[in-house]
Amino acid sequence: MKKNLKFRAADIAECAIFIVLMVAATYIQIPFPLVPLTFQTVISVLAGLLLGWKKGVISMSVYCFMGLVGLPVFTAGGGFSYVLKPSFGYIVGFIASAFVGGLILGNGEQSLRRYIAASLCAFISDYAVGIPYCIVAAKLLGVENLTELLIIGNLVYMPKDAVLSVLAAFLAKSVVPAIRRKAGIKR
């Protein structure tokens with residue numbers, strides 16, 4: 001059984017928009033101890049909700065690849081050595097976030113409850129990848145105060161990201177039907 005693997009110009013443009021949004025979210029930083037506060041998690045959540053899981057994963061994967069090949073799209077630049085940073089797990093988590101959010105939302109019932117569930121699960125999936133990666137990378141780097149790193153560099157951001165994810169659900173719920181009607185496309 002041959003699957004339709006066509007990727008239209010509109011699909012490429014949608015993915016490109018989210019890559020640009022992710023780069024912009026990287027550079028919009030609010031200074032905070034250890035790791036600057038950015039809006040990347042909510043962009044990855046929106047990628048899944050607005051693009052669906054396939055295009056969401058593609059857009060977040062391309063963003064990750066761009067940084068790994070050296071383009072300065074991550075908060076502290078880019079390059080393959082970034083995989084040693086404790087925060088790199090969240091970049092990988094952006095891919096998981098877009099996947100989970102888009103998969104849960106799917107093409108089924110499009111209720112606000114489903115959008116909120118999809119966005120919160122997407123947010124949690126980013127942290128489910130990011131926190132264990134942070135722990136392993138920090139141990140490899142010899143970080144002595146792991147508890148402080150976990151609290152200040154990870155857990156402090158969760159309430160902000162949870163609230164932004166719920167707001168993303170409201171935004172996506174109101175925007176997706178209009179986009180679909182206007183463009184006449186399905187996810």
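Analyst: The axes of helix 1 and helix 2 come within 8 Å of each other and cross at roughly 80°. Axes here are lines fitted to C-alpha atoms, for helices over the stretch in contact, and angles run from 0 to 180 degrees between N-to-C directions. Helices are DSSP runs (H or I, at least four residues), numbered from the N terminus. Helix 1 and helix 2 are therefore roughly perpendicular. That label covers 65 to 115 degrees; angles under 35 count as roughly parallel, over 145 as roughly antiparallel, and the rest as oblique. The contact of helix 1 with helix 2 divides into 17 nonpolar, 4 polar and 3 charged residues. Nonpolar means Ala, Val, Leu, Ile, Met, Phe, Trp, Tyr, Cys and Pro; charged means Asp, Glu, Lys and Arg; the others, Gly among them, are polar.

A word on the source. This is a predicted model, in which local features need pLDDT of at least 70 and side-chain atom pairs count only at pLDDT 80 or more, while totals for chains, interfaces and linings use all residues. Residues are numbered from 1 along each chain as its sequence is written, and side-chain values use heavy atoms, with hydrogens and water left out.

Now the next pair. Helix 2 spans residues 40-68 and helix 4 spans residues 112-141. Their axes come within 9 Å and cross at roughly 130°. That makes helix 2 oblique to helix 4.

Ser97 is buried, with a relative accessible area of 0%. Buried means under 20% relative accessible area, exposed over 50%, and partly exposed in between (1.4 Å probe, protein chains only). Leaving aside neighbours within four places in sequence, Ser97 is in contact with Ser44, Val45, Ala122, Phe123, Ser125 and Asp126. Contact means heavy atoms within 4.5 Å.

Ser125 sits in helix 4. Its relative accessible area is 11%, so Ser125 is buried. With neighbours within four places in sequence set aside, Ser125 touches Ala96, Ser97 and Val100.

Next, the cysteines. The structure holds 0 disulfides, a disulfide being a pair of cysteine sulfur atoms within 2.5 Å. Cys134 is in none, and the nearest cysteine sulfur, that of Cys64, is 16 Å away. Cys134 counts as buried because its relative accessibility is 3%. Cys121 is partly exposed at 33%.

Leu71 is in the loop between helix 2 and helix 3 (88-105). At 42% relative accessibility, Leu71 counts as partly exposed. Not counting residues up to four places away in sequence, Leu71 touches Met66, Gly77 and Gly78. Ile58 is 13 residues from Leu71 along the chain, and their C-alpha atoms are separated by 17 Å.

Arg8 belongs to the segment before helix 1 (9-27). Arg8 is partly exposed, with a relative accessible area of 37%. Arg8 and Gln110 are 102 residues apart along the chain, with 24 Å between their C-alpha atoms.

Technical notes
Helix = DSSP H or I, 4+ residues; strand = E, 2+ residues; numbered from the N terminus.
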